[in-house]
Amino acid sequence: MNVLVIGGGIVGTSVAYHLSRRDGVDVTLFERGETLGCETTGKSSVGLRQYGTDETQLRMKRYGKRLYNEFMAEASDMRYEPTEVIHVATSEAGRETIERTRASEHPMGSPSELVEGSELHDVLVVPEIREGSIESALYRPNGGYFRSPESLVHAFADRAASAGATVATGTEITDITVREGRVEGAVADGERHAGAVVCAAGPWNNAIADMAGVDLPVRQERLHLLELEPSEPLTRTLPKIRHVETGITFRGRPNGRVLVYHAEPAEDPYAAADVVDPDEPAEVPESVTYSILESVESIAPTLSDAEVVHEDVAYTSRTPDGNPVVGWTDTPGFSIAALHSRGVQYAPAIGDVITRQLVNDDPTTHYPDISISRFDGYADDRP
Ligand SMILES: Cc1cc2nc3c(=O)[nH]c(=O)nc-3n(C[C@H](O)[C@H](O)[C@H](O)COP(=O)(O)OP(=O)(O)OC[C@H]3O[C@@H](n4cnc5c(N)ncnc54)[C@H](O)[C@@H]3O)c2cc1C
């Protein structure tokens, strides 16, 4: 069986890794960038957390943790930094949001704790956070992040290549070959390749699915990213802090810098998102930089003199119900691996699901919650 995987981010490389371990599967991964992990994955905060609102999400995260543990136990350049995740509210409305978030946590996740703003410095060692500004906080101790997104992508891709997969960087898929409603392959650099197609192209998934005649129930949300260099060294690597009112999230990097990103909080993130062309030039508007810095400073005044050393824009995908869309579609020969963000945590399980479906005709236990057919108007070609 030939399988063509489109996209060399964390999801595509995981799919290639899982497929390459099966006998009789010839895998080719196509990445249009010159290096793997050069888009969303390379800009990610690459964090893991054992929290979620439903069992499927948590089972997928567990699969991911187990595989990352396995990789790290082998000779590996993956480095993991444990860190707490703290959601902070600065208003009564924010406190209610935090209480709702905690009430929605599935018991399979790790325990979290509600902390009164006035007690923050009694309970946590976070001197950089101004206690007086915090109304309430949600403390999630079981979190952490990988130092380098590239190390994850290579953990998958190098193993896939050793098992015989072809990893073609600098190679763009420009068309999908469809005959009588069935996908038969894809075109790269003017050359036709035959095989089942797995689309793992992050924010480009909609455009590629269009070529196969599949209208994806997936949209993208724009994130604004800043990297700050504090004027004085911080007393600790900052935990991951999310301000619930503004959606601004920041965490320390081991080199002392601080990664900040912003997505507008929305009751319904899918409704607030749109199908975008990620190739359109985009930059962080000055007004957004200003309001991000203002919000960061109000929580962590030590960062008020920090220098902005890097700005960027990234896109994160959104689905109508917050679960990924993975596996068979109603176009035979075309499988999808699209996310509602959290790709670093779900990519390992997504690789496993796609492989079981393609190789074993096994829908997997995740099937009802992540199949495209859960949405009205969509079917799949489950054998
Ligand atoms: C700021 C930020 C913080 C985040 N934090 C976390 C976190 O802490 N934990 C977590 O789990 N998730 C997090 N995420 C989300 C996570 O990073 C993404 O879900 C994940 O990286 C998406 O991976 P992907 O492989 O689907 O997409 P991408 O990494 O975008 O990969 C898709 C690839 O497809 C390639 N491609 C596109 N079109 C073609 C074509 N025609 N031919 C060939 N190749 C093509 C692109 O070049 C790209 O490399 C974060 C995201 C951002 C932006």
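A nonpolar core here is a set of buried Ala, Val, Leu, Ile, Met, Phe, Trp, Tyr and Cys residues joined through side-chain atoms within 4.5 Å, where buried means under 20% relative accessible area, exposed over 50% and partly exposed in between (1.4 Å probe, protein chains only). The model is predicted, so local features need pLDDT of at least 70 and side-chain atom pairs count only at pLDDT 80 or more, while totals for chains, interfaces and linings use all residues. Residues are numbered from 1 along each chain as its sequence is written, and side-chain values use heavy atoms, with hydrogens and water left out.

**Nonpolar cores**

- The largest nonpolar core has 43 residues, and V11, Y68 and I350 touch the most other members.
- Two or more residues each come from β1 (2-6), α1 (10-20), β2 (26-31), α3 (55-73), α6 (149-162), β19 (325-328), α10 (343-360) and α11 (367-370); helices (H or I, at least four residues) and strands (E, at least two) are DSSP runs, numbered from the N terminus.
- Y68 is in contact (heavy atoms within 4.5 Å) with I10, L48, M78, F146, L152, F156, V344 and P348, leaving out residues up to four places away in sequence.
- Another core, of 30 residues, lies apart from the largest one and has Y139, L238, V260 and A300 among its members.

**The sheet**

- Six strands form an open sheet in the order β9-β2-β1-β13-β20-β19, with mixed pairing; two strands pair if DSSP finds at least two bridges between them.
- β9 (166-169) and β19 are the edge strands, each with a single partner, so one side of each has no neighbour in the sheet.
- On average, neighbouring strands of this sheet are turned by 15° against each other, direction ignored.
- β19 and β20 (residues 334-338) run antiparallel and are joined by 4 bridges, with V326 opposite A337 in β20.

**Helices against the sheet**

- α1 packs on the sheet and touches β1, β2, β13 (196-199) and β20, its direction making about 170° with that of β2.
- These angles run from 0 to 180 degrees between N-to-C directions, with axes as lines fitted to C-alpha atoms, for helices over the stretch in contact.
- α10 lies across β1, β13, β19 and β20, at about 20° to β19.

**A look at S20**

- S20 sits in helix α1 and counts as buried, because its relative accessibility is 8%.
- The S20 side chain reaches the backbone oxygen of Y17 at 2.8 Å.
- Beyond its neighbours within four places in sequence, S20 touches V27, R159, A160, A163 and A165.

Key. A polar contact is a pair of N or O atoms within 3.5 Å; within protein, one must be able to donate a hydrogen and the other to accept it, and residues adjacent in sequence count only if both atoms are side-chain atoms.
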